[in-house]
Amino acid sequence: MIHLQPSWAWTPEGVLQDPIVSIDDGFIVRCSAAERYPPVHLERLPGRLLMPGFVDAHSHAFQRAFRGWVQGRGQSHDDFWSWRRAMYGVANRLSPEGVYAVSRLAFLELVEAGVTEVGEFHYLHHQPSGQPYEDPEELSARVLEAASSVGIRITLLYVVYGRGGIGRELSPEQRRFASRDPEQALQAVERLRRRGPAQARIGLAPHSVRAIPPSWWPEFASFDGVVHVHTSEQPVEVQDCLSEVGMTPIELLAHHGLLGPSFTAVHLTHPRGRDLELMRGRSSNLAVCPSTELDLGDGFLPLEARRGIHLCVGSDSHARTDPFEEIRALELHARALGGVRNVMSPIDDGPESLAAALLRIGSAGGARALGAPAPAIAVGHAADLVAIDLRRPAALGSPPLTAAAFSATREWVDAVWVGGRQVVRDGRHEHRDAICAAAVGWLGVPDLRASSEP
Ligand SMILES: [Zn+2]
């Protein structure tokens, strides 16, 4: 049994001061106000705020491999599509060992930033030639193993990829992602579910409307689990979908019965028509990835999409890994777009209500999108916890939750527990050095001139 006593704990009842949080067998068994006779082995966490862990709803771990290598203009025009060409170069260079090593690095960074569960949108399946590995789920298994070795929970979202674009065959660079047909992808999901590990969830991720032939969508409507789709990230994708089927991507997915509480649209930076109304009406989730959307020039989620829709956040391309920045950006971008303040918390029910709303998006919002239990510091919940250190000038005088939501960065994370096991202590994962050393040979980007057009 572990007994923690932080200066503050954010619980469903609000912020408790000097509480005692007891953990047994991975679960919270007590969360009470300070006691006159506390347990003997009490781990005091002075100046720390204890919060539920963040849940990152959208990650492509392998993209961590080229952070910092696509920030200069290598060609006359640089945009989402030229970035994608560089990404394909990296995607095709990683062996199973490389996928494992880079995924471990990405997950290490996530957990050190306070993320206790990740939704990994995984689309590297085959050898670069398109030939399946002897074990057809080799790379999915490597990613699951990477998460488990780092100690982060994972929902692996198995990606279906059927074509290179509307009316286009897969390009040579996309062969690694290919699904032969919907049945093959659904069978892979079933095999992954059977082989485990038991604590990993497996969801389905038809990549995007551009990568899925329209005739495939009905096959996914009855899927038993969460479904995530990249949706309306770029204006051209919406335009192409309108030309092909006369509907926006969200209208097309709604038409095929995919929208619902288990559905997550990723990005939706360019909603059109009835998209937002459909998302609200079907109680669907929207994964926003502000740092990547800024990095790629995707645009801003419109102001009206930030209200009345179940939001969550994702690190996506791992251009930067900081859930505090992602949740904060949701509110700050909304202010810049709308010329108003406190957008995400329209009703003022206290000085910390906005901070709590943003932190909830970062934790419970992500869990909802992954079909996972909502993290909370309450009896019976898994002990997925983050302690941030508020003993610093930048936090002085701020209410604790507001400091977390509006000032904190990943560097403030002091300790992380996943299922009651402490995986980060004094801001460091116990295997940080070894994980970094194993990944370093896989980082960087190949010569872009060698890549053909997408
Ligand atoms: Zn993505």
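So, domains to begin with: the chain splits into domain 1, which is 2–52 + 375–438, and domain 2, which is 54–367. Keep in mind that this is a predicted model. If you take the C-alpha centres of domain 1 and domain 2, they sit 28 Å apart.

Now, how do the two touch? On one side we've got 28 residues of domain 1, and they're in contact with 29 residues of domain 2. Let me stay on the domain 1 side for a moment. Several elements each put in at least two residues there: strands E5 (42–52), E15 (413–418), E16 (421–425) and E17 (428–429), plus helices H11 (400–406) and H12 (432–439). Which of them gives the most to that side? That's H11, with five residues. And if you sort the domain 1 side by class, you get 19 nonpolar residues, four polar and five charged.

Okay, on to a helix pair. H9 covers residues 323–338 and H10 covers 353–370, and these two pack at about 125 degrees with their axes 9 Å apart. Because of that angle, H9 counts as oblique to H10. As for handedness, H9 passes H10 in a right-handed crossing.

Who's actually meeting whom? From H9 it's Pro323, Ile327, Arg328, Leu330 and Glu331, and from H10 it's Leu354, Leu358, Leu359, Ile361 and Gly362. By class, that contact between H9 and H10 comes out as seven nonpolar residues, one polar and two charged.

Technical notes
Residues are numbered from 1 along each chain as its sequence is written. This is a predicted model: local features need pLDDT of at least 70, side-chain atom pairs count only at pLDDT 80 or more; totals for chains, interfaces and linings use all residues. Axes are lines fitted to C-alpha atoms, for helices over the stretch in contact, and angles run from 0 to 180 degrees between N-to-C directions. Helices (H or I, at least four residues) and strands (E, at least two) are DSSP runs, numbered from the N terminus. Angles under 35 degrees count as roughly parallel, over 145 as roughly antiparallel, 65 to 115 as roughly perpendicular and the rest as oblique. A crossing is left-handed if the near helix is turned anticlockwise from the far one by less than a right angle, and right-handed if clockwise. Two residues are in contact if their C-beta atoms, placed from the backbone, lie within 7 Å. Ala, Val, Leu, Ile, Met, Phe, Trp, Tyr, Cys and Pro count as nonpolar, Asp, Glu, Lys and Arg as charged, and the others, Gly among them, as polar. Domain bounds come from an automatic or database domain assignment.
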